[in-house]
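Reader: I have a new structure to look at. Can you walk me through it?
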Amino acid sequence: MNEKKDSSPKKNKEWQLRLAGMMRTVKSLEAENKEKEAKIAQLNERLKEKQRTIESLQGRLEADKSRSYVMQPAVGSTAQRNRERELEKRVKELEDIAAKDKAHMLRLNEVNMKLLGKLKAGDTEVEHFNRAEEEFHMQLKTIQQANSEYRGENEA
């Protein structure tokens, strides 16, 4: 009986330490998740800006092309062709940047989903520890009652 009585506080302390560790882990994961979500939002905004820039440049390029064909029959000036090549090159660069940013955003979304999964798993484990701690306390009370009843019988 003494052995159980001595190990009960140790078990209780162990469960409390494990629970505290899990709570710190959950808080850390929540903070990390918030940071990742903020970064994703920032990247989404940058991606939108770059897409608008690309669309604007493409619109200008199309307008310039249509104007040049209307104004100049088959032969365009060298300066105009150079300008078109420059704009096409810039559009390509911006499309590449947008594609890289999109890939980066997808990776961050994937990391975010993994973190959310870990967070849910941590929450589940914390709930498990809470239930185990409650069961432990109930068993401890039962043992204490039995012990006090046993002492009461022996004294009488």
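Author: First, a term. Buried means under 20% relative accessible area, exposed means over 50%, and partly exposed lies in between (1.4 Å probe, protein chains only). In this predicted model, local features need pLDDT of at least 70, side-chain atom pairs count only at pLDDT 80 or more, and totals for chains, interfaces and linings use all residues. Residues are numbered from 1 along each chain as its sequence is written, and side-chain values use heavy atoms, with hydrogens and water left out.

Reader: What share of the protein chain is buried?
Author: Buried residues are 23% of the 156 residues.

Reader: And how many helices and strands?
Author: The protein chain has two helices and zero strands. These are DSSP runs numbered from the N terminus: helices are H or I with at least four residues, strands are E with at least two. Helix H2 covers residues 78–155.

Reader: What about contacts in the protein chain with a separation of 6 or more?
Author: Of those, 89% join residues 24 or more positions apart. A contact means heavy atoms within 4.5 Å.

Reader: Switching to charges. How many salt bridges are there?
Author: Seven in the whole structure. A salt bridge puts a side-chain nitrogen of Lys or Arg within 4 Å of a carboxyl oxygen of Asp or Glu.

Reader: Which residue does Glu86 meet?
Author: Arg83, at 3.7 Å from N to O. Both sit in helix H2, three residues apart, so about one helical turn separates them. Glu86 is exposed at 52% relative accessible area. Arg83 is partly exposed at 40%.

Reader: Where is the Arg90 and Glu93 pair?
Author: Also in helix H2, with three residues' spacing, which means about one helical turn. Arg90 is partly exposed at 40%, and so is Glu93, at 34%.

Reader: Which residues do shared partners join into one network?
Author: Arg46, Lys50 and Asp101, through salt bridges.

Reader: What about Arg52?
Author: Arg52 forms a salt bridge with Glu45, 3.8 Å from N to O. Arg52 is partly exposed, with 46% relative accessible area. Glu45 is partly exposed too, at 38%.

Reader: Rings next. What does the charged end of Arg18 sit over?
Author: The ring of Trp15, 5.2 Å from its centre. To count, NZ of Lys or CZ of Arg must be within 6 Å of the ring centre and within 35 degrees of the ring normal.
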